[in-house]
Each structure stands twice: as structure tokens, then as C-alpha cells.
Amino acid sequence: MTSDYRKMWESIGLNLEAHDQLLQALPPAYGQVYMSQENRPDGMEYFDFVVSEVHGLRIQELQEHKAKGGKVVGAFCVFVPEEIVRAAGGLCIGLCSGIEIGTAQAEKVLPRNICPLIKSFMGFKMAKVCPYFESCDMVVGETTCDGKKKAFEILNDFVSVHLMETPQMKREKDRTLWRSEVRDFLSGIEELTGNKVNKESLLQSIREVNGKRRALLRLAGLRKNKPAPISGKDSLLIEQIAYIDDVARFTAQVNSLCDELEARVREGRGVGRQDALRIIVTGTPMAIPNWKVPHIIETCGGVIVAEEMCTGLRYFENTVPEEGETIVDMLESIADRYLGINCACFTPNEGRMEKLIQLSDEYKADGVINCSLAFCDPYLIEANRIDKALKERGIPVLKLETDYGQEDSGQLKTRIEAFFEMLSQRQVVRTPCI
Ligand code: SF4
Ligand code: SF4
């Protein structure tokens, strides 16, 4: 990255020394996890480029947007309606929180035993190492889990936080509450940007964000093929980049990659071994650069064919209807689309079990790996219900609990290898002799 970027980083208030350390850690990790893969689609070149410029070019674009009076809004959850931010001329950025950083600072304001994602976002902010965070004019928090909602009170001391009350259930009265939260969010965004949202601008942004979702759904659909035409690691990377990249450019690049993958499917070309075990990963989100478990899975003889996660299908399945006579109608459609997300913060959350059973069939999965972050009560507790529901349908499940450190890599590898051994034996048993 050029020295011009250093001036930019300085101007937005980054701690350059700490930021240098972060930048030094990323390329070796990326090289080891990504560039070691064989037979990658050519279309991944764009996404490699985005990673190489992740704190450069994209930040420059955000700064140019701000210089013209535009606002940048940061979010930590797939419940935040990007359509509304864009309709008011703002840009919505997913703040990653996928690496252990600024831990000492974060632990001054948070308990030590808290989920790594929460500790990471507080650490990023307090250590001033994330140029996305430092570009934000406002951050949107939500009341999804207890840890987050209390942490957002503290984060508000460092950056302006707009809090959305996400319901914990999906009854009619919860829908009413959520719809009113979405209307309040629109007012908050209009106030921040100084721009009034109208029917045309909202419809246009619904179409743009739907376009991004459709491209990602197209990519997901191609992974149903056997052999899978793209690795799970590459797919996850694309899903992670979806949160930060320019919407139109990203959509075009994903569609062009899908053209290439369609050709691969026609030719019967896949990644990895022909007999690779097809795995669905479910659980807590895996934010950049949290590639630990997918890397182990795909270097142990598996290929991940779907992610039932917020860095995955939950982010892009279901589009917002592109109709509606009034802004109120459109806001209701937006709210209803988001309420369909099967986050473990809901009770009950049967939709997630049903979805996993459906996905296992559609993606011809050999097994499901349910990976939760340490200290994440909603997902760790729900892991038992997932286990029961899938096993009742004869779908093998492996439960994992991990954090952002690398210390447990050996142990995770051993457990994944044992799971794969069991899956391979099932395959042999199920394959009839000719
Ligand atoms: S897991 Fe739940 S809280 Fe986390 S990003 Fe997804 S919807 Fe939001
Ligand atoms: S991973 Fe779990 S505990 Fe952490 S923020 Fe998400 S829902 Fe909350």
C-alpha cells in the first residue's frame, strides 16, 4: 500500500503503529489460507485484489464519499437495513470484528469472559486500528444478544450509536415493534444525512441491494453441484467482502465469477477431490479474517458447500419485494424481510432447524459442522437443539466451540478428522457395490 494511504490513515485518526502491526499479520495469513488453494476460479482475482487493498482503495472511496458530504454508517448485524442507508445517500459498511485486537484496552471496559466478536469490536475502536470504524459517522447497534446490547452503551462513549430494538420473538406484536424500529431508523438516517428518503430513492436502493443478494444466491446455487465448482473458503471470502465493497461493482464481479463457475459445472470441473465430503457450516458469523475452521475443514478432505450463518445465507436469502405504493409499504416489506432471519437470539428459533434440514438435502451434504464462538450463549445453547433435530433426520453433526486464537487449531483438526472418518465410513456403507 502506498505512502499516500499513510497520510489518509493519519488524517482519520488511526494509531499508525498498532495499525502497521495489523497490516503485517494479514498477508501471511491470507497467503497461507487462500493462495495455497489449487484450481481456484480466475474470477477470484478481483476478490484477492480487494483484500490487498482492504485498508487502501476502499477507504479512499469512503473518504471521497465523505468529502462530498456523504455519510458512512457502520453495522455489526445483518438486521441493519442497508436499503435505508443507501436511499438517503449514505453508505453502509459491515464492521468485521473477526480478529483478536486491542484486547487489553477492551478488557478495561468489558469482562474478560465475553464473546470474542464483542471484545474485538471494542478493541478495534479503542485501539484505533480499523479505518472502516474510523470512517463511520454513526454506528448501528442492536439488542440481539445481551453482550452486544450492553457493549453498545459503552461504545456510544466513543462513537455515536443508533440502537435498534430487535425483537426476541416473531409474533405479530413483535413484528409491529420491529416495523416501528425500522421507521425510527429511517428518521435517524434522514437526520444524519440531511437527506429525505422518497419512494424513488428507496425503490432504487431496494433494487440495488436485491441485485447483490441475487448475485450471492446465484453463487450459492452453483455450489449445489457435485463437484462443487468453488471452495467454501473462497465463497466465505466473497460473503465477507459483500459487507464492505461498492454494491454495483461487487454485484457485477460476483455475476461474472458465476458465469465462469457455470462453465466449470458444464465441464464437470470442481475444486478439491472428486470424493470430497460435502459440509454445511452453521453457527456464529465468521468475520474477516476468521478463516480458521473453514481452512481446517478444507485441508482435511472436506468442501464447504453452504454457510447457514450471517456471513452466508442469512445475509442474502430472501429479497425485499420491489413494489409498494407508499414509503410506509416499502418499509414494512423491508422490516418483514429482515424479521425472517433465523438468528439464535430468537426464541423459539425452529426456522433455523428446518432450514438446516432443507439445506442438507438441497446441497447433498454429508454432514453439518455447527461452530459457535466461545461465550456466545444463544448459539452455544441452541447447538443442542440443532444436534437433536438433525440427528433425528439422520444428518451427522459436529459441534465445535472456538475463539479467534490459533491455540486450539490442533484440537479442532483432530475432531474434524475424526468426524470425517465417520462420514467416510457412512459413505462406504451407503454406496452400493456394483
Ligand atoms: S448472528 Fe444474530 S446478532 Fe449476529 S449478525 Fe447474525 S443476526 Fe445479528
Ligand atoms: S457471537 Fe453470540 S454473543 Fe457474540 S455478538 Fe453474536 S450473538 Fe452475541
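Author: One definition first: a nonpolar core is a set of buried Ala, Val, Leu, Ile, Met, Phe, Trp, Tyr and Cys residues joined through C-beta atoms within 7 Å. Please also keep in mind that this is a predicted model.

Reader: How many residues has the largest nonpolar core, and which have the most contacts inside it?
Author: The largest nonpolar core has 133 residues. Leu95, Ile279, Ile280 and Val305 are those with the most contacts inside this core.

Reader: What does Ile280 touch?
Author: Leaving aside residues up to four places away in sequence, Ile280 touches Val305, Ala306, Glu308, Leu359, Ser360, Tyr363, Ala365 and Val368.

Reader: Let us step back to the whole chain. How many helices and strands are there?
Author: The protein chain has 19 helices and 8 strands. Of its 434 residues, 48% count as buried.

Reader: And what are the overall dimensions?
Author: Along the principal axes, the C-alpha atoms fill a box of roughly 70 × 50 × 45 Å. The radius of gyration is 21 Å, which agrees with the value near 22 Å that a compact globule of 434 residues would have.

Reader: What share of the contacts join residues at least 24 apart?
Author: That share is 75%, counted among contacts between residues at least 6 apart in sequence.

Reader: On to the ligands. Which residues are around ligand 1?
Author: The shell consists of Cys77, Val78, Phe79, Thr144, Cys145, Thr284, Pro285, Cys310, Ile341, Cys343 and Cys345. By class, 9 of the shell residues are nonpolar and 2 are polar, with no charged residues.

Reader: Which residues come nearest to ligand 2?
Author: Cys115, Leu117, Cys145, Thr284 and Cys376 come nearest, out of 13 residues around ligand 2. Cys145 and Thr284 are also listed around ligand 1.

Reader: How does the shell around ligand 2 divide by class?
Author: The shell around ligand 2 has 9 nonpolar, 3 polar and 1 charged residues.

Reader: Which helices supply at least two residues of that shell around ligand 2?
Author: Helices H7, H9 and H18 each do so, H18 being residues 377-392.

Reader: I would like to look at H9 in detail. Which of its residues are buried?
Author: Helix H9 covers residues 146-155, and Lys148, Ala151, Phe152 and Leu155 are buried. Seen down the helix axis, the buried residues of H9 fall within an arc of 110 degrees, so they line one face of the helix.

Reader: Why would residues three or four places apart point the same way?
Author: An α-helix has 3.6 residues a turn, so residues with that spacing point the same way.

Reader: What do the buried residues of H9 pack against, and which residues are exposed on the other side?
Author: The buried residues of H9 pack against helix H7 (116-127), strand E3 (138-142) and strand E4 (161-164). On the other side of H9, Asp146 and Glu153 are exposed.

Reader: Turning to backbone geometry: where are there cis peptide bonds?
Author: One joins Lys226 and Pro227, with omega about 0 degrees. Pro227 sits in the loop between helix H11 (199-222) and helix H12 (232-241). A cis peptide bond also joins Thr347 and Pro348, where omega is about -10 degrees. Pro348 belongs to the loop between helix H16 (327-339) and helix H17 (350-362).

Reader: Which residues other than glycine have a positive phi?
Author: Lys128 has a positive phi of about 55 degrees, and phi of Lys364 is near 50 degrees. Lys128 lies in the loop between H7 and helix H8 (131-135), whereas Lys364 is in the loop between H17 and strand E7 (367-373).

Reader: Are these two lysines buried or exposed?
Author: Lys128 counts as buried because 20 C-beta neighbours lie inside 10 Å. Lys364 counts as exposed because its C-beta neighbours inside 10 Å number 12.

Reader: One last topic, contacts across the sequence. How far apart are Tyr46 and Gln253?
Author: Tyr46 and Gln253 are 207 residues apart in sequence and 7.4 Å apart in space, C-alpha to C-alpha. Tyr46 lies in helix H3, residues 44-52. Tyr46 is partly exposed, with 18 other C-beta atoms within 10 Å.

Key
Residues numbered from 1 in each chain as written. Chains lettered and ligands numbered in written order. Predicted model: local features only at pLDDT ≥ 70, side-chain atom pairs only at ≥ 80, totals over all residues. Near = placed C-beta within 6 Å. Nonpolar A, V, L, I, M, F, W, Y, C, P; charged D, E, K, R; others polar. Helix = DSSP H or I, 4+ residues; strand = E, 2+ residues; numbered from the N terminus. Arc of directions from axis to C-beta. Contact = placed C-beta atoms within 7 Å. Rg over C-alpha atoms; globule rule 2.2 N^0.38 Å.
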